[in-house]
Amino acid sequence: MTAKELMTANPACCTATTSLQDAARMMAKHDCGEIPVIERQDARRIVGVVTDRDIVVRGVAEGNCATMNVGAVMSSPAVTVNERDNLDEVVRVMETNRIRRVPVVDQKGECCGIIAQADIARTGSRKETGDLVREVSAPR
């Protein structure tokens, strides 16, 4: 199975200038905890990601989130996988980087999808899923 077959295609994306409130609204609307941050809406090259945790820990707890934008709290550079990568490679990248979600890029390097732990759980083996959760959740 490839990343392209596993991913949620065309995820909601924002730019670094998107307000934190708008990013949070996107997460609520799309029922997700991570939004890829792209250069521009017409150039979907990923420059980072913003998670619900980024908004809370770096935005709400550290500053005035009412006036902050995504660029102030996003994680950058983003860890990504290629749409042609196989499931083993996707799991390896997630485990190595201890991430629960990973954006997928196409051959042009543009965001075309996203894979979450839940996607692995739905399609991978029990062992593979258990190993992924254990590695990503292990204390640093």
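The lining of the largest pocket is made up of nine charged, six nonpolar and three polar residues. This comes from a predicted model, and the space in that pocket is about 520 Å³.

**The largest pocket**
- Of the 18 lining residues, Thr51, Asp54, Ser75, Arg98 and Ile99 are the closest to the centre of the largest pocket.
- Helix α3 (52-60) contributes the most to this lining, with four residues.
- At least two lining residues each also come from β3 (43-51) and β5 (101-105).

**The second largest pocket**
- Here the space comes to about 260 Å³.
- Its lining counts 16 residues, and those closest to the centre are Thr8, His30, Asp31, Cys32 and Ile114.
- Two or more lining residues are given by each of β2 (34-40), β6 (111-116) and α5 (117-123).
- By class, the lining of the second largest pocket holds eight nonpolar, five charged and three polar residues.

**How α2 packs on α3**
- The crossing of α2 past α3 is left-handed.
- On the α2 side, Leu20, Ala23, Ala24 and Met27 make the contact, and they meet Asp52, Ile55 and Gly59 of α3.
- Five of these contact residues are nonpolar, one is polar and one is charged.

Definitions and conventions. Residues are numbered from 1 along each chain as its sequence is written. This is a predicted model: local features need pLDDT of at least 70, side-chain atom pairs count only at pLDDT 80 or more; totals for chains, interfaces and linings use all residues. Side-chain values use heavy atoms; hydrogens and water are left out. On a 1 Å grid over the protein atoms alone, a cavity is a set of points where a 1.4 Å probe fits but cannot get out, and a pocket is an open set with protein on both sides within 12 Å along at least five of seven lines; lining residues have an atom within 4 Å of a point. Grid points are joined across faces, edges and corners, and a volume is the space filled by probe spheres set on the points. Ala, Val, Leu, Ile, Met, Phe, Trp, Tyr, Cys and Pro count as nonpolar, Asp, Glu, Lys and Arg as charged, and the others, Gly among them, as polar. A crossing is left-handed if the near helix is turned anticlockwise from the far one by less than a right angle, and right-handed if clockwise. Contact means heavy atoms within 4.5 Å.
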